[in-house]
Amino acid sequence: MSAVVSEHDDHHADDHHDHGPAKGLLRWIITTNHKDIGTLYLLFALAMFFVGGAMAMVIRAELFEPGLQFVDPAFFNSMTTMHALVMVFGAVMPAFVGLANWQIPLMIGAADMALPRMNNMSFWMLVAGVLLLASTLFMEGGAPNGGWTLYPPLVLQPITVGKAMPFAVFSVHLLGISSIMGAINIIATIFNMRAKSMKMMDMPLFVWTWLITAFLLIAVMPVFAGAVTMLLTDKFFHTSFFNAAGGGDPVLYQHIFWFFGHPEVYIMILPTFGVASTIIPVFARKPLFGYASMVWATGSIAFLSFIVWAHHMFTVGMPIAGELYFMYATMIIAVPTGVKVFNWTATMWKGAMTFETPMLFSIAFVVLFTMGGFTGLMMSIAPTDFQYHDTYFIVAHFHYTLVPASVFILMAAGYFWLPKWTGHMYNEKIGQLHFWLSVISVNILFFPQHFLGLAGMPRRIPDYAVQFADWNMISSVGGFIFGISQLLFLYIVIDTIKGGTGEKVSDEVWEDAAQHSLEWTLPSPLPYHTWTTPPTSVPTEHVLDAH
Amino acid sequence: MSEDLGKKNVKLARKLVLVAAAMFGFGYALVPIYDVLCEWKWIERDRPDAIKQVPIAAYKVDLAREITIEFMTTLNESTAMEFHAEKKQLKVHPGEYHTVNFYAKNLTDKVMVARAIASFSPALTSRYFEKIECFCFSEQTFKAKEAKTMPMRFVINPELPKDYETITLSYTFFDNTEIQ
Amino acid sequence: MNKTKQLFASLILTALGLGTAHADYTLNLMKGVTKVSNDIYDLHMLILWICVAIGVGVFGTMFYSIYHHRKSKGHKAAQFHENTTVEIIWTIIPTLILVGMAIPATKTMLELNDIEKSDMTIQVTGKQWYWDYKYLSNDIHFESHLDEQSEKTHRTKGADPRTVPHYLLNVDKPLVIPVKKKIRFVLTSADVIHSWWVPDLGWKKDANPGFVNEAWTYVEKPGTYRGQCTELCGRDHGFMPIVVVAMEQADYDAWVKKTSEQQKQKPDLSDQTREQLLAHGESVYLKNCVGCHQIDGAGVPGLIPALTGSAKVTGKWENLDGFLRAGTSKMPKFDKLNGKEFAELMTYVRNNLGNKVGDELQPKQTALPDDDDE
């Protein structure tokens, strides 16, 4: 089906490209190579995953039993705030940027990203942003503790945020600029660097979803930067954007924040969809079902994400027209999301499936993400949201759409592509153990939180009424198992880089993978420079229905 | 990378930077957009007309209807004042002019500049609650320990939809001395 | 259904060795005690079952496929990759289901929004970290704080919450309402955003500073209904519960009479023993000061000054008195306390929390002439 003609090693003929990486530590600081930068992003994200995870462990330890045992309520609030900021901006988003750096040029037959130096800068700016944010932990008065949404007037109160607030704002600026630069780079790469033989509707779904995500980033990160800048001027320069005393309105901040915040949710989930759509066909040994409808569904979800923001604010006191509009608009999202789930199921249907670790994580993603989708649908109903809002029900909901969805898929991507990148096979036994521990513990961790929320436990509280004790304890136990299990992943990553099972992987790694996407036609491990001569033809199997 | 391609990339990147910059501006544009949306009839949020001064109009008094006006007073955070309405509530006919006095006292030994923010429940009624005179139109300056009796003169526009029988008018005083 | 679920849950709990006896935990949304809360419960169940049905269908198909269409069983992969008819069907059917959900949802939403023709209005003001209630029709006005026992327990390391009745869900003065009356709530805040939620009433609503929000309830049966603040409002967000007591009209009228009389009573300014002053002072401290200055008076380093060893606290009591009444930009004024409470509080903070001034202040000393106005 595919007839890829390319000469992988022809860069030796080209003196201009005939240099490997710089030596030593400097290589990693000055590198402009998409693979190096991808590695930096991924390792940084993994480190932040453990930092954010450690914060989650503090939260679950405090909630293990009613009563205050370990931390002060203000520090607890710092932990919930920082856990969210670190996981969103430090772990999940950078991890997907890392994947994009590695995979997009490989998948579209480009030699590198379009703007390699900017690529380097956006990574180091991310590091600076996260370090700045982390530095607030050591400040007098502690890290920001008004929630990751930074709602005024709380976030402007001296007794709440101490001295951390301007640092958090500048950190958001740095993270925002870094994301925007990353997004610009991805768009330019996809538009300009794609092999001539690859049309838009030939692109793998991972590339499509990232293209759409990149546009979302450019559209909403500046809005968030604007919102936090307004917070900053309200605090230090006596503007009154959100201060009722000066004719402003604190609710306005929530509108601006969620205009960013809702697309932000999809920034974290669309590339997830892309990876799942890449992995499932390989292990089902079947083309992806409904490629074109997948692209359209991704586009519609992205579009809808701009017009549904106030469903995060049903209880804020909106006019009835607003409540109804945002309810209807939100419900519609279920349609394209449903299409995706149906397509993945149909891809598996009548396949010849095998269940290596990446496939296991992908199947768990489809099932558990769908469960998160169901609770999302329940919460789109404004009147019922009056009961669910700001309880553990929503905590369960968004963790289902982020942990066993985005995080699981990131793990799946690791297992799927690490052998290609390193040329070493990971230890399948430990991989499977990691999967089963993760999938069981993640449900012990988050499923009881549905019960807690419905029974009336608000979110963001350090201590709770005694009737919530049992489920909290179970949830915490699940949390600890989940946390410890992730060390297995760390072990596997290090082990695989160092040589893994010692088994030499083929260029395809996975059976017939080369029929699905270009990177599998390259040698394993990948040479430092790839596609210096673009491929002359591309696999078309997965896109048959688009032609 | 060929030179042409490099130029093409930079050109596209520049355009995208402009889009990002425009979106930053859009974030700020949401502020006035929000005010405009709030004035739309179908959106019942009560700003910014809640503080608007309205000229006297000759309405026909609708004696058949009686509206209960409730007054609600709040002091924000550490606003060291005493503040209450002279009456808890008032029954009025639409089209009839009334004056209600509010009493406020600065409890500190310093000059205080405070601003009263009005808000209505149900929010939609704000556009039928027309104020001729109100202490909420501007910031109020209180000398040390000064007490003031401040009138608020208003009329209910007889066009107030029939369903509404009770209007709660809320004033919250904010101490703005420090941000002067 | 509920019984089965509870049984199932207790089985899990027992299996895990955690089966403590809590009769009152639930796995599902509570039906509540108003028509709206029941409507919301029905909507919740409707959508839950629709989701369960879809889930069974989708996951069933998927697991059938995972079981049968595996390579290890020798299944050969089909190569189909699209089917327009199927794709249209699974776009249209969900859309129809959504329309089916939207209709009852809209009805309930309109009902929630119908705040007109109410019998009475109650002002709810959120403050860090308690609720302030004011009955606009009869001038009853009081603060509702976390009860003393919960307050002490959650602030004391090693104290056992299980011994406290309604731990963290109890208040000193509950909001009292009559049954079978349409009650309108107007909600606002004096500082940051709070949110007022009693699950049995079926809704929560944010309290925003400077603005009012409205909501209503009509409770059918007398009882005590508990809830909490649900919008993160700072350090003690988890410690500002809500208790609503719904009473028959006659009981309610009696409560109004009693409460109005109490409110008009002048504070008792007669002398107290040192022990009484200290004990009462602790209560005043727990209600008004502990949220910031902490149970041991140590404050929060960098944010809240310590009272232990503070010159302001241990200096001349007249200065402390003036300071408390006026407040600063960082500390609210406490002129809402009466002369009796000032005497008790000051005696407490000057002779406890690690301070040993050794004096005692009597209500007559600290009362102002206009304390009677309260």
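In strand S8 of chain B, B:Met150 is the bridge partner of B:Phe102. Helices (H or I, at least four residues) and strands (E, at least two) are DSSP runs, numbered from the N terminus. Strand S4 (residues 97-106) of chain B and strand S8 (residues 147-156) of chain B run antiparallel and are joined by nine bridges; two strands are taken to pair if DSSP finds at least two bridges between them. S8(B) is also joined, by four bridges and again antiparallel, to strand S6 (residues 129-133) of chain B. B:Phe154 in S8(B) stands opposite B:Lys131.

The model is predicted: local features need pLDDT of at least 70 and side-chain atom pairs count only at pLDDT 80 or more, whereas totals for chains, interfaces and linings use all residues. Residues are numbered from 1 along each chain as its sequence is written, and chains are lettered from A and ligands numbered from 1 in the order in which they are written.

Chain B also contains an open sheet of five strands in the order S3-S1-S9-S5-S7, with mixed pairing. Strand S3 (89-92) and strand S7 (140-142) of chain B are at the edges, each with a single partner strand, so one side of each has no neighbour in the sheet. From one strand to the next, the twist averages 30°. Within this sheet, S3(B) pairs with strand S1 (residues 67-75) of chain B in the antiparallel sense over four bridges. B:Leu90 in S3(B) is the bridge partner of B:Ile69.

Chain B touches chain A, with 27 residues of chain B in contact with 27 residues of chain A; contact requires that the C-beta atoms of two residues, placed from the backbone, lie within 7 Å. On the chain B side, helix H1 (3-39) and strand S5 (112-121) each supply at least two residues. H1(B) gives the most to this side, with 17 residues. By class, the chain B side comprises 19 nonpolar, three polar and five charged residues (Ala, Val, Leu, Ile, Met, Phe, Trp, Tyr, Cys and Pro count as nonpolar, Asp, Glu, Lys and Arg as charged, and the others, Gly among them, as polar).

Between chain A and chain C, 86 residues of chain A are in contact with 87 residues of chain C. Helix H11 (residues 334-348) of chain A provides the largest share of the chain A side, eight residues. This side of chain A has 53 nonpolar, 23 polar and ten charged residues.

Within chain A, the axes of helix H12 (residues 357-380) and helix H14 (residues 392-422) come within 8 Å and cross at roughly 160°. Axes are lines fitted to C-alpha atoms, for helices over the stretch in contact, and angles run from 0 to 180 degrees between N-to-C directions. H12(A) and H14(A) are therefore roughly antiparallel to each other (angles under 35 degrees count as roughly parallel, over 145 as roughly antiparallel, 65 to 115 as roughly perpendicular and the rest as oblique). The contact of H12(A) with H14(A) has 20 nonpolar, seven polar and no charged residues.

Chain C is divided into domain 1 (23-113), domain 2 (121-264) and domain 3 (274-373), with bounds from an automatic or database domain assignment. The centres of domain 2 and domain 3 of chain C, taken over C-alpha atoms, are separated by 25 Å. Nine residues from domain 2 of chain C and six residues from domain 3 of chain C take part in the contact. The domain 2 side has one nonpolar, three polar and five charged residues.
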